[in-house]
Amino acid sequence: MSIRGRMIAPLLARRSLSSTVVSRLYIQNNLSNDQTHPKLEVDGARKVADFRSDTVTAPTDEMFEVMKKASRGDDVFQEDNSVRDLEAYMAETTGHQDALFCSSGTLTNQLGLCTHLTTPPHSVVCDSRSHVYLWEAGGISFHSRASVSPVIARNGIHVTAEEIEGNLIEADLHTAPTRVVSLENTLSGLIFPIEEIRAISEMSRGRGLAMHLDGARLWNASQETGIPLSEYGKCFDSMSLCLSKGVGAPIGSILVGNREFINRARHLRKLFGGGWRQAGFMAATAQYCIDNIVPTMPATHKLAKYMSESLVSLGISLQVPVHTNMVLIDTAPVGITIQDLMPSLLAKNIKIGGMGTKSRLVLHHQINKEDVDEFVQVVKDVVASRQEVAAPQQVAAQAC
């Protein structure tokens with residue numbers, strides 16, 4: 001073997017480059033499941049059951065009453081009491097020193113990663129299905145000048161410590177070494193086991209790497225498992241927790257970390273144009289939702305499992321198990337597409353996303369059992385109608 005070959009061989013042994021390839025089919029499936037939210041017109045005079053995402057929940061009258069009572073200071077000057085109270089509450093709840101209230105989960109993720117990634121060349125390792133990799137407009141490369149090493153979770157649920165370790169990039173003249181390990185919990189509604197998170201954290205921190213969590217739906221995982229946010233917080237140097245998904249707030253997300261980290265993130269927030277002034281009414285509403293809507297998540301998860309079982313009984317298949325509030329379906333087994341379903345669902349004021357035969361159904365506090373039963377009945381009717389049309393065609397084909 002040549003001298004150059006002997007130098008490269010150890011690097012290839014440490015990191016199997018072929019394992020990071022994301023299949024084209026998988027990306028297509030993700031596009032169908034996670035990000036296809038067409039504009040759909042319904043009857044505005046009736047209740048709308050929107051299964052496209054948990055971001056679609058509407059502010060309630062109770063929330064507007066909370067807004068009226070919120071403080072009205074300037075958050076850029078750090079003078080708003082409602083914002084400061086929310087940040088202090090979230091820091092304590094997650095076991096971190098400080099917190100930063102921002103407008104969106106994409107912003108808190110990108111601020112968190114950018115604060116860790118200070119000196120290129122560098123890279124982030126994450127699950128190939130991660131929001132930070134697929135659905136934040138290439139923000140890691142744009143804001144942090146970092147590359148991404150996407151790892152395929154071979155068990156179909158979550159990446160493992162072994163998979164993460166096998167895809168770390170060592171420092172070398174030719175590489176962008178790994179500086180951050182970014183995990184997501186939940187991901188497509190799937191719960192990341194705390195034991196595996198601890199193993200990844202121990203391995204990564206032992207190598208001097210920062211740990212970031214996209215916890216956009218961490219409350220769902222916490223409510224389903226009974227594991228407090230602070231227990232998850234022990235495994236991460238930074239966490240992003242969205243307030244406008246299952247939590248039900250109209251807007252907002254929280255980034256937590258140590259005091260120096262949050263000071264730096266606050267500076268970067270201003271650089272990104274993300275400083276906001278009288279944000280107290282949004283912070284107060286977020287706190288109201290944490291107190292009143294988060295406790296209802298277990299009931300939402302139970303309803304999601306009921307929905308999945310009802311659809312499976314009709315012949316619909318599930319792409320992944322139902323752990324929390326998401327039901328990822330594939331209608332191929334019953335011979336219909338999502339586009340076949342949409343007109344009949346819209347007639348009942350029900351919205352879904354997806355394309356082909358795949359759709360991601362997301363339940364939240366404004367979806368009830370009647371909405372689910374209506375959805376299932378529509379599917380049942382469409383499937384039956386399709387089978388009635390197909391039966392004579394099959395007989396004719398057999399006769400030929």
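Author: Before we start: two strands pair if DSSP finds at least two bridges between them. And this is a predicted model.

Reader: Good. So how do β3 and β5 pair, and over how many bridges?

Author: In the parallel sense, over four bridges. β3 covers residues 123-127 and β5 covers residues 178-184.

Reader: What does V125 stand opposite in β5?

Author: V181.

Reader: Zoom out. How many strands form the sheet, and in what order?

Author: Seven, in an open sheet. The order is β2-β8-β7-β6-β5-β3-β4, with mixed pairing.

Reader: Which are the edge strands?

Author: β2 (98-102) and β4 (147-151). Each pairs on one side only.

Reader: And what does the twist average?

Author: From one strand to the next, 20 degrees.

Reader: Which strands does helix α4 touch?

Author: Helix α4, residues 81-94, packs on the sheet and touches β2, β7 (238-242) and β8 (253-257). Its direction makes about 130 degrees with that of β2.

Reader: New topic. At what angle do α10 and α14 pack?

Author: About 85 degrees, with the axes 9 Å apart. α10 is residues 218-225, and α14 is residues 297-312.

Reader: Which residues make the contact?

Author: From α10, W219, N220, Q223 and E224. From α14, M297, P298, H301 and K305.

Reader: How do those residues divide into nonpolar, polar and charged?

Author: The contact of α10 with α14 has three nonpolar, three polar and two charged residues.

Note on methods. Residues are numbered from 1 along each chain as its sequence is written. This is a predicted model: local features need pLDDT of at least 70, side-chain atom pairs count only at pLDDT 80 or more; totals for chains, interfaces and linings use all residues. Side-chain values use heavy atoms; hydrogens and water are left out. Axes are lines fitted to C-alpha atoms, for helices over the stretch in contact, and angles run from 0 to 180 degrees between N-to-C directions. Helices (H or I, at least four residues) and strands (E, at least two) are DSSP runs, numbered from the N terminus. Contact means heavy atoms within 4.5 Å. Ala, Val, Leu, Ile, Met, Phe, Trp, Tyr, Cys and Pro count as nonpolar, Asp, Glu, Lys and Arg as charged, and the others, Gly among them, as polar.
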